Amino acid sequence: MEEMDEVGSDADEGVEMEEEGADEDGEKKVYVPGIEPLRPGEELEMDRSAYRMYHECQTGAPCLSFDILRDADGESREQFPLSMLLCAGTQADTAQGNRLLVMRMYNLYGTEKEKEGEESSDEDSDDDEEDEDKKPQMELAMMPHYGGVNRVRVTQRGEQSLAAVWSEKGQVEIFDLRSQLEAVHSSAAMTAFVKQQKEATALFSFSGHMTEGFAIDWSPTVPGRLVSGDCKKNIHVWEPQEGGTSWQIDQRPFSSHSKSVEDLQWSPTEATVFASCSVDQSIRVWDIRAPPNSMLSANEAHTSDVNVISWNRSEPFLLSGGDDGLLKVWDLRQFKSGRPVANFKQHTAPITSVEWNPVDSSVFAASGADDVVSQWDLSVESCDVGARVEGMKDLPPQLLFLHQGQSEIKEVHWHPQITGVMISTALTGFNVFRTISV
């Protein structure tokens with residue numbers, strides 16, 4: 001069992017849209033990333049009041065990618081302490097040094113209000129005991145995995161918890177996570193698991209891409225159906241077979257892209273439809289009943305690589321993020337026009353991850369190579385915003401929150417069962433947080 005850090009150093013900070021720093025006179029002022037650089041000797045301090053919850057943890061080698069495993073603890077949870085299950089893959093210095101991880105974080109409490117005034121030593125010792133009880137905990141079950149993990153995505157298929165892994169060795173592998181999940185829930189199972197400590201053995205693997213890739217997604221409507229895309233330009237659809245241990249993969253790829261396929265997303269409502277984005281600057285929508293070409297495309301969706309997409313669960317909207325630092329919202333009913341219905345330029349570097357909130361269809365989050373996670377709400381209109389603090393006037397009213405403190409943020413996900421909670425992974429580890437905005 002490992003203890004997680006509840007709060008990081010002074011370098012970790014959240015900039016909520018009312019958060020403030022201090023200027024030379026000790027006056028507090030708003031700090032907005034990307035607008036004005038910090039001066040020598042200045043540093044940002046985290047405003048804890050901007051977070052309902054904030055924790056951070058490290059897993060040894062950094063993880064480029066992770067996904068959240070659904071659990072049996074119920075939907076729309078808000079009560080502290082919280083717990084969650086994550087699956088992640090490392091990017092270590094050597095191929096042999098990599099791990100496929102399952103993490104159980106638990107005993108996660110919210111951020112406490114700062115206590116006012118001096119207290120007696122008796123009260124202090126009571127507080128120390130209480131603080132000890134409220135320390136966040138983590139169980140970690142690691143399997144050696146040869147090759148760095150580019151992307152990992154998980155799904156439930158019947159009783160199986162499956163992870164699809166794109167690795168730098170040019171294969172897509174499927175792993176059954178049962179033994180790791182048992183280990184993080186039981187100390188006896190963990191002891192047995194650690195004793196075995198053998199290389200992760202794939203349930204199934206596919207080398208037909210003939211090169212490495214990043215794009216991968218499980219179908220939310222057909223259990224076990226998968227789509228994978230590679231750095232050449234090819235996309236393959238996987239059909240699950242009886243028995244749960246094999247997949248049928250059409251050797252003829254979907255091939256309308258001219259460059260690397262960066263991300264894939266199944267439609268949440270139509271079982272045969274998926275979307276893709278590419279270094280060729282396009283976003284395409286496909287139907288697996290009509291190979292090998294796409295049905296719809298926005299050919300110049302961004303002015304450079306399109307890195308990531310997310311398909312809204314309840315509205316016909318696609319969200320995209322590109323190397324141009326832009327976030328764009330596409331209405332699929334008007335997709336052929338090639339014009340997005342919304343366009344946001346807040347990040348000052350390439351977008352690395354985007355995701356719609358699983359419950360509130362107007363809310364989404366993004367991360368960028370500028371070390372910022374942004375939260376947005378499309379339902380906010382200009383007239384909804386009252387008098388804004390100096391320095392905020394030029395910000396889009398839909399921008400809710402800017403979270404900082406991590407270096408090289410690679411991926412963000414909303415927890416599907418815990419209201420408003422986000423997890424982000426970066427070179428410096430994981431952040432688990434809920435802001436006061438969502």
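This is a predicted model: local features need pLDDT of at least 70, side-chain atom pairs count only at pLDDT 80 or more; totals for chains, interfaces and linings use all residues.
Student: What happens at the start of helix α3?

Tutor: Helix α3 spans residues 187-196. A side-chain oxygen of serine 186 reaches to within 3.4 Å of the backbone nitrogen of alanine 188.

Student: How many helices and strands does the protein chain have?

Tutor: There are 3 helices and 32 strands. Of the 438 residues, 54% are buried.

Student: Where does histidine 257 sit?

Tutor: Histidine 257 is in the loop between β17 (247-249) and β18 (261-266).

Student: Why is histidine 257 called buried?

Tutor: The cut-off for buried is under 20% relative accessible area. Histidine 257 has 2%, so it counts as buried.

Student: What makes the pairing of histidine 257 with serine 276 a polar contact?

Tutor: The limit is 3.5 Å between N or O atoms, one able to donate a hydrogen and the other to accept it. The side chains of histidine 257 and serine 276 make such a contact at 2.6 Å. The side chain of histidine 257 makes another with the side chain of serine 282, at 3.2 Å.

Student: Which residues does histidine 257 contact, leaving aside its neighbours within four places in sequence?

Tutor: Among them are Lys233, Ile235, Asp280, Arg284 and Trp286.

Student: How is glycine 338 classed, as buried, partly exposed or exposed, and why?

Tutor: Glycine 338 has a relative accessible area of 30%, so it is partly exposed. Glycine 338 lies in the loop between β24 (326-331) and β25. Leaving aside neighbours within four places in sequence, glycine 338 is in contact with Ala298 and Trp330.

Student: How many aromatic pairs does the structure hold?

Tutor: It holds 18.

Student: Why is the pair of phenylalanine 66 and phenylalanine 430 called edge-to-face?

Tutor: Ring centres must lie within 6.5 Å, and planes over 60 degrees apart count as edge-to-face. Here the centres are 5.5 Å apart and the planes stand at 80°, so the pair is edge-to-face.

Student: What makes this pair a tie between parts of the chain that are apart in sequence?

Tutor: Phenylalanine 66 lies in strand β6 (residues 63-69) and phenylalanine 430 in strand β32 (residues 429-435), so the tied parts are 364 residues apart in sequence. Both phenylalanine 66 and phenylalanine 430 are buried.

Student: Why is the pair of phenylalanine 344 and tryptophan 376 called tilted?

Tutor: Planes under 30 degrees apart would be stacked, over 60 edge-to-face, and the rest are tilted. The rings of phenylalanine 344 and tryptophan 376 have planes at 35° and centres 4.7 Å apart, so the pair is tilted. Phenylalanine 344 is in strand β25 (residues 342-345) and tryptophan 376 in strand β28 (residues 373-377), so the pair ties parts 32 residues apart in sequence.

Student: How do you know whether these two residues are buried or exposed?

Tutor: Set each value against the 20% cut-off for buried. Phenylalanine 344 has 8% relative accessibility, so it counts as buried. Tryptophan 376 has 0%, so it is buried too.

Student: Which residues form one aromatic cluster?

Tutor: Phe204, Phe206, Trp218, Trp238 and Trp247 do.

Student: Which charged residue lies over the face of tyrosine 106?

Tutor: Arginine 104 does, at 4.2 Å from the ring centre. The distance cut-off is 6 Å.

Student: How do you know that strand β7 is mostly covered?

Tutor: Count its residues, 82-90: 9 of 9 are buried. Side chains in a regular strand alternate between the two faces of the sheet. In β7, one side includes Leu82 and Met84, the other includes Ser83 and Leu85, and both faces are covered.

Student: What makes β6 and β7 a strand pair?

Tutor: At least two bridges are needed. β6 and β7 have 6, in the antiparallel sense. Phenylalanine 66 stands opposite alanine 88 in β7. β7 also joins strand β8 (residues 99-108) through 7 bridges, again antiparallel. Alanine 88 stands opposite leucine 101 in β8.

Student: What do β11 and β12 form?

Tutor: They form a hairpin with 4 residues between them. Glycine 170 in the turn has a positive phi of about 85°. Strand β11 (residues 160-167) and β12 pair antiparallel over 5 bridges, and leucine 162 has aspartate 176 as its bridge partner in β12.

How values were computed:
Residues are numbered from 1 along each chain as its sequence is written. Side-chain values use heavy atoms; hydrogens and water are left out. Helices (H or I, at least four residues) and strands (E, at least two) are DSSP runs, numbered from the N terminus. Buried means under 20% relative accessible area, exposed over 50%, partly exposed in between (1.4 Å probe, protein chains only). Contact means heavy atoms within 4.5 Å. Rings of Phe, Tyr and Trp (its six-membered ring) pair if their centres lie within 6.5 Å; planes under 30 degrees apart count as stacked, over 60 as edge-to-face and the rest as tilted. A charge sits over a ring if NZ of Lys or CZ of Arg is within 6 Å of the ring centre and within 35 degrees of the ring normal.
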